[in-house]
Amino acid sequence: MLTILFDGIAYGMLLFILACGLTVTLGLMNFINLAHGAFAMAGGYITVVLMNRYGISFYWCLPASFLVTAILGLVLERTLYQWLYKADHLDQVLFSIGIVFMSVAGADYFMGGQQQLINLPPELSGRMDVLGVGIGRYRLFTVVVCSLLAIALQLILSKTRFGSRLRAAVDDRRVAMGLGINVPLVFALTFAFGSGLAGLGGAMGAEILGLDPNFPLKFMIYFLIVVSVGGTSTVSGPFLAAMLLGIADVAGKYYVPAIGPFVIYALMIVMLILRPNGLFSRGIGR
Amino acid sequence: MLTRRSLLAAGLIGSVLAAVPAAAADVVKIGVVLPMTGPFASTGRQVQAGIKAYVALNGTTVAGKTIELVLRDDGGVADQTRRITQELVVNDGVKMLVGFGLTPLAMSVAPVLNQAKIPAIITSATTSAIMKQSEYFVRVSMAGPQSAVPVAIWASKNGLKKVVTLVSDYGPGIDIEQGFTNQFKKEGGTIVEAVRVPLQNPDFAPFLQRVRDAKPDAVFVFVPSGVGALFMRQFVDRGLADAGIRLIATGDVTDDDLLNGIGPAATGVTTGHFYSAVHDSAENKAFVSEVRKANNNMRPNFMAVGGFDGMHLAYAALKKTNGDTDGGKLVEAMKGMAWASPRGPITIDPATRDIVQDIYIREVKEVNGELYNVELATYPKIRDPNTAGN
């Protein structure tokens with residue numbers, strides 16, 4: 001059933017964009033940021049406010065939500081997160097889960113507890129038939145945008161100077177600093193970029209995943225599954241993991257609806273038993 | 001030794017003791033327990049708006065007593081609901097309770113009610129099973145699958161023979177699925193498939209595709225009102241309407257509060273429910289304009305009308321007992337009570353303490369530039385089909 005496969009890919013792509021920022025902070029910077037979903041939610045709400053209150057086109061809202069969340073990420077990184085890079089993981093978890101709860105309460109206070117809805121431009125809604133396969137236009141849009149992003153991300157990390165600086169800073173912070181790399185700056189930019197991606201994911205996901213103040217809590221599990229199954233050392237790992245989970249989730253819900261929601265967790269358990277360090281781990285995980 | 005300080009203290013205590021009975025005689029406290037924060041905050045807000053509207057229209061004096069409302073937020077968490085209820089009963093000395101947003105929240109307070117013998121008027125929770133938990137529960141929202149049964153009758157009368165049901169997988173969803181299925185089979189229809197979706201469901205795509213591939217005449221849907229809006233969007237996007245599959249549902253999907261947000265996609269959807277904001281009656285017009293006036297032009301939904309009727313029941317019961325606040329007497333007074341609510345005529349069944357009300361079949365249409373559930377047909381005096389037999 002190709003429609004199901006396509007829906008699965010679109011869902012997986014969305015999961016990837018939402019979670020890949022977390023891969024960067026968790027895998028590269030070794031910081032457990034459970035508040036990642038809060039940035040995604042921020043992106044979603046920015047889109048809702050811009051579209052519904054100011055009537056700005058959906059296409060402009062996407063880069064706007066990326067930028068604003070990235071700036072938000074940068075500010076928070078400079079003011080709060082950077083003090084916890086050296087703290088142990090439990091402190092980081094407590095800190096970031098605290099941010100999650102504050103963001104949930106904040107969103108509820110300012111935006112209200114109801115589901116937020118956006119009106120997509122007409123060319124993105126509805127579905128079309130391509131060679132007998134029913135394809136939702138918006139899902140196609142999601143797939144295109146997300147695959148472009150994934151490719152760009154992989155190129156930035158592996159081919160650019162910034163990418164190699166980041167990898168150097170992660171591998172050995174002290175030596176990297178000794179070589180004259182401005183590690184705090186690299187980390188801050190990376191964090192901002194990861195948050196921005198989450199914001200973009202939240203904005204794009206508002207139509208498919210819904211958006212309410214509980215978004216960060218509802219999707220935290222999904223992000224963590226993507227990152228833990230995919231491994232944290234590459235971009236391609238989480239990408240494949242997100243695809244796999246998206247397709248398995250959608251197909252599971254379609255073919256065996258009674259246990260559908262469970263499929264994704266079963267898959268995670270199997271994957272973690274077989275490849276405890278992720279799909280593409282470089283030997284021992286960090 | 002008698003110092004000046006101990007004298008003062010004694011005097012204070014004395015005056016407080018003297019003051020308490022006097023105040024208690026005139027003031028009747030009613031505890032309102034609602035989810036005002038958390039995922040179900042919109043329920044709380046609507047019910048509160050309904051309660052406020054009733055008080056604004058009817059004042060605060062009943063049978064010579066002054067009504068004092070004590071609002072508490074349980075955040076939608078059952079153990080909080082129970083703790084708060086206990087505090088309200090023990091510390092604040094409330095004589096009646098109103099509210100309870102969800103089934104588990106209502107269930108959690110049953111033991112408190114049984115011990116304290118204080119009536120609780122349920123304004124929102126709907127499962128059939130709640131009412132058996134305590135003799136002190138009285139309900140003004142909806143009784144189990146009450147709204148699903150007329151939809152089944154209507155569907156088979158309108159030529160829909162094969163239906164897929166799609167409900168959220170939790171208490172009310174299963175109640176409603178059963179109610180619809182039993183009635184629809186009785187009418188000679190076939191249920192092609194019964195799909196249950198997880199309550200915390202981010203993406204309806206696979207389930208909708210399954211419905212589409214089953215090629216039924218219609219799909220009957222119950223999902224809680226918040227995700228209902230999301231569901232509607234995806235229903236249209238997946239082209240189920242173009243594939244000739246009609247959407248029939250309980251009114252939760254086309255919640256008055258969210259209907260305009262769903263947009264033109266909702267037009268033509270047929271639902272069965274007990275309240276629409278355009279119900280044509282003087283009571284409803286007064287209610288809607290009062291809620292809109294006091295709440296920044298918010299449109300009341302079926303939750304708000306539950307709050308409004310909950311307050312009416314509390315007031316009416318107090319009037320009937322002539323100000324007597326004994327729990328047992330109040331519940332007795334509530335049994336069999338009938339009145340004209342903004343939603344239409346309603347009665348409290350004396351045997352089950354549950355609500356008996358008219359269910360309307362409505363279609364989403366544009367009225368004065370806004371989307372509304374316009375009532376097409378009325379099925380009068382519907383009971384909870386799960387308990388109507390006993």
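Student: How many helices and strands does chain A have?

Tutor: Helices (H or I, at least four residues) and strands (E, at least two) are DSSP runs, numbered from the N terminus. In this predicted model, chain A has eleven helices and two strands. Along the sequence they follow the pattern α-α-α-α-β-β-α-α-α-α-α-α-α.

Student: And how compact is chain A?

Tutor: The radius of gyration is taken over C-alpha atoms, and the globule rule is 2.2 Å times the number of residues to the power 0.38. For the 286 residues of chain A the rule gives 19 Å, and the chain's own radius of gyration is 19 Å, so chain A is as compact as a globular protein of that length. Its C-alpha atoms fill a box of roughly 60 × 45 × 35 Å along the principal axes.

Student: What share of chain A is buried?

Tutor: A residue is buried if 20 or more other C-beta atoms lie within 10 Å of its own, exposed if 12 or fewer, and partly exposed in between, with C-beta atoms placed from the backbone. In chain A, 50% of the 286 residues count as buried.

Student: Where in chain B is confidence lowest, and where is it highest?

Tutor: Here we use pLDDT, the predictor's confidence in each residue, from 0 to 100. Where pLDDT is low, the predicted coordinates should not be read in detail. The mean for chain B is 86, and 92% of its residues reach 70 or more. Helix H1 (residues 4-26) of chain B is lowest, at a mean of 54, while strand E5 (residues 120-122) of chain B is highest, at 94. Over residues 16-23 of chain B the pLDDT is below 50, and beyond near neighbours in sequence this stretch has zero contacts in the model; two residues are in contact if their C-beta atoms, placed from the backbone, lie within 7 Å.

Student: How is a pair of packed helices described?

Tutor: By the angle between their axes and the distance between the axes. Axes are lines fitted to C-alpha atoms, for helices over the stretch in contact, and angles run from 0 to 180 degrees between N-to-C directions. In chain B, helix H5 (residues 148-157) and helix H6 (residues 171-186) pack at about 35°, with their axes 8 Å apart. Residues of H5(B) including Ala148(B) and Val151(B) meet residues of H6(B), among them Ile176(B) and Phe180(B).

Student: Which element of chain A gives the most to the side that touches chain B?

Tutor: The contact takes 29 residues from chain A and 29 residues from chain B. On the chain A side, H1(A) gives the most, with four residues. For the complex, the predictor gives an ipTM of 0.75 and a pTM of 0.80.

Student: Is Asn295(B) buried, exposed or partly exposed, and why?

Tutor: Asn295(B) is partly exposed, because 18 other C-beta atoms lie within 10 Å. Asn295(B) sits in the loop between helix H10 (282-294) and helix H11 (302-320) of chain B.

Student: What conventions should I keep in mind?

Tutor: Residues are numbered from 1 along each chain as its sequence is written, while chains are lettered from A and ligands numbered from 1 in the order in which they are written. In this predicted model local features need pLDDT of at least 70 and side-chain atom pairs count only at pLDDT 80 or more, whereas totals for chains, interfaces and linings use all residues.
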